[in-house]
Amino acid sequence: MSDREMVKRAIELSKESIAIGGYPVGSVVVQDGKIVSTGLSDGKQLCDPTGHAEISAIRAAGKKLKKRNLDDVVLYSSLEPCVMCLMSSHWAYIPKIIFACSRDKVSSGYYEGDHNIFDLNKKNRREIELVHFKDLENEALKVITQWEKPQ
């Protein structure tokens, strides 16, 4: 599957996350073109502040691959990762993150602080390649906007 298809899969997962009471974020970890794990930002996050979609996908990938060093995978997300998810990716040695919707398109409430992951990434010993699929941004944003509408 292509990078584009994987980002679209992350967007589909963000819809699943909403359906189970979570936030509108989905994530996929891929190794050699095959999905290793997926992550949702499900309702459990309300009791676990580290329960972000990216963290869930990284944890599942480590368990499935039976290793902590994920230097041969790509992480896909429907939304630009927060600082915690970026740094978790760094500690997992993930070399590349591809995401759909940038943080400047959503409310500041989605992020703690005004951190710029691109700037923070440059200060790391090893930079992660960060790729923003701007052409899929509106598709991801539709899911977020739908979730934000009062029921």
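**Burial, sheet and cores**

Of the 151 residues of the protein chain, 46% count as buried (under 20% relative accessible area, with exposed being over 50% and partly exposed in between; 1.4 Å probe, protein chains only). This is a predicted model, in which local features need pLDDT of at least 70 and side-chain atom pairs count only at pLDDT 80 or more, whereas totals for chains, interfaces and linings use all residues. Residues are numbered from 1 along each chain as its sequence is written, and side-chain values use heavy atoms, with hydrogens and water left out.

Q: Why does the radius of gyration of the protein chain agree with that of a compact globule?
A: The radius is taken over C-alpha atoms, and the globule rule is 2.2 Å times the number of residues to the power 0.38. For 151 residues a compact globule would have a value near 15 Å, and the protein chain has 14 Å, so the two agree. The C-alpha trace spans about 40 × 35 × 30 Å along its principal axes.

Q: What makes up the secondary structure of the protein chain, and in which order do the elements run?
A: Helices (H or I, at least four residues) and strands (E, at least two) are DSSP runs, numbered from the N terminus. By this rule the protein chain has 5 helices and 5 strands. From the N terminus on, the order is α-β-β-α-β-α-β-α-β-α.

Q: What is the strand order of the sheet, and which strands are its edges?
A: Two strands pair if DSSP finds at least two bridges between them. The sheet is open, has 5 strands in the order E2-E1-E3-E4-E5, and shows mixed pairing. Strand E2 (34-40) and strand E5 (129-132) are the edges, since each pairs on one side only. From one strand to the next, the twist averages 20 degrees.

Q: What makes a group of residues a nonpolar core, and which residues of the largest one touch the most other members?
A: A nonpolar core is a set of buried Ala, Val, Leu, Ile, Met, Phe, Trp, Tyr and Cys residues joined through side-chain atoms within 4.5 Å. The largest such set holds 23 residues, of which Val7, Ile11, Val28, Tyr76, Ile98 and Cys101 touch the most other members. H1, E1, E3, E4 and helix H5 (137-148) each supply at least two residues of this core, and H1 gives the largest share, 5 residues. Apart from this core lies another, of 15 residues, among them Leu70, Leu75, Ile97 and Ile128.

Q: Why is Ile97 called buried?
A: Ile97 has a relative accessible area of 0%, which is under the cut-off, and therefore counts as buried. Ile97 lies in strand E4. Not counting residues up to four places away in sequence, Ile97 touches Leu75, Pro81, Leu86, Ser89, Ile128, Glu129, Leu130 and Val131.

Q: Why is E3 described as mostly covered?
A: In E3, 7 of its 7 residues are buried, so the description follows from the burial cut-off.

Q: Why are Asp32 and Lys66 called exposed?
A: The relative accessible area is 73% for Asp32 and 74% for Lys66. Both values are over the cut-off for exposed, so the term applies to each. Asp32 lies in the loop between E1 and E2, and Lys66 in the loop between helix H2 (53-65) and E3.

Conventions
Axes fitted to C-alpha atoms, helices over the stretch in contact; angles between N-to-C directions. Contact = heavy atoms within 4.5 Å.
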